[in-house]
Amino acid sequence: MAAEHAAVADNPNIGCTGLDHRKMGMWAFLGSECMFFGSLIGTYLSYKGKSINGPGPHEILNIPLTSLSAFVLLMSSLLMVLALAAVQRNDMKWGKIWLFATAMFGASFVGFQCFEFTHFVHLGLTLQTNRFGSTLLVLPGSHGGHVAGGVIWLLSLWVLAMRGKLGSQDTLKVEICALYWHFVDIVWIAIFTLIYLIP
Amino acid sequence: MAMDSSHAASPAAHAPGEGHATVQTYVRVAVVLGILTAIEIGALYVPGLPSHLLVTLLLFFSVLKFALVVAFFMHLRYDNKLLTVLFVGPLFIAMFIILALMALFGAYLLLARG
């Protein structure tokens, strides 16, 4: 116990709260991201149904396809938490598998979104078409950018793990990445309901 | 800077498997999330369901899914309460931003204008 407290006192990353600065920083960042996405969601809902010309949501949105991609992202959160649990118990074989699987699920989600956006453009909906087009493409587009960033982060961790440079001593690295990944998942839970499901 | 020792050394941190949910809990939460999503999508195809009831139901399930992920997958249920304050505070501000923008532009989900 005394040795543990000495280690804490020597660690420059532990503040007077007893929490790691990097983890607190990530939570503060996620809080600011809430406000970023809150502004975009508020703008989308404010402009909803106020486009003068089409196409509108009913002609464009593909609920079954988006439901599938939402399910993929939701399940990637499970894989992420399994990866974190594996790294915590120093089971790097499963840690690598779950990290890679999470990245692949995330990449699939980005693929679904690229397909969906291409389909929108083919149907005549672009950023310049109407208010629905600009708010629709900016909100899920921003989210998709976040997911793509998360995929790159996950693959970086996976490469480190493959090179034997990630172990249970690096739990915090994986935990911070996991916080970010779960955040993009909860943002999609909100976007999916507010844009795609609510008529 | 290497992130090598902080988490294990922190008094507020957890030893592997301690204070956090188990793998079984994670799987159970994922199953519940899947079922809630299926109910949400299924509700869209229920004939004759009033619009205000559908919107309320969808918002309720969405909040429930959001809370489950934050509490269990992000470990906020088991972590220091300061982290909850750091996240939930801005979340309420974000909700206020959404409601304020909607009120400014006269956009209501459940209530008709006038």
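**Exercise 1. Size up the contact between chain B and chain A.**

Start with the head count: 56 residues of chain B and 62 residues of chain A take part in the contact, where contact means heavy atoms within 4.5 Å. This is a predicted model, in which local features need pLDDT of at least 70 and side-chain atom pairs count only at pLDDT 80 or more, while totals for chains, interfaces and linings use all residues. Residues are numbered from 1 along each chain as its sequence is written, chains are lettered from A in the order in which they are written, and side-chain values use heavy atoms, with hydrogens and water left out.

Next, the area: about 5,100 Å² is buried between the two chains, with 76% from carbon and sulfur atoms. That's the accessible area (1.4 Å probe) lost on putting the two parts together, summed over both.

**Exercise 2. Find the salt bridge across this interface.**

Look for a side-chain nitrogen of Lys or Arg within 4 Å of a carboxyl oxygen of Asp or Glu. The rule finds one: K23(A) with D79(B), at 2.9 Å, N to O.

Now see which parts of chain B touch chain A. The elements giving two or more residues are α1 (6-9), α2 (23-44), α3 (51-73) and α4 (81-104) of chain B; these helices are DSSP runs (H or I, at least four residues), numbered from the N terminus. Of these, α4(B) gives the most, with twelve residues.
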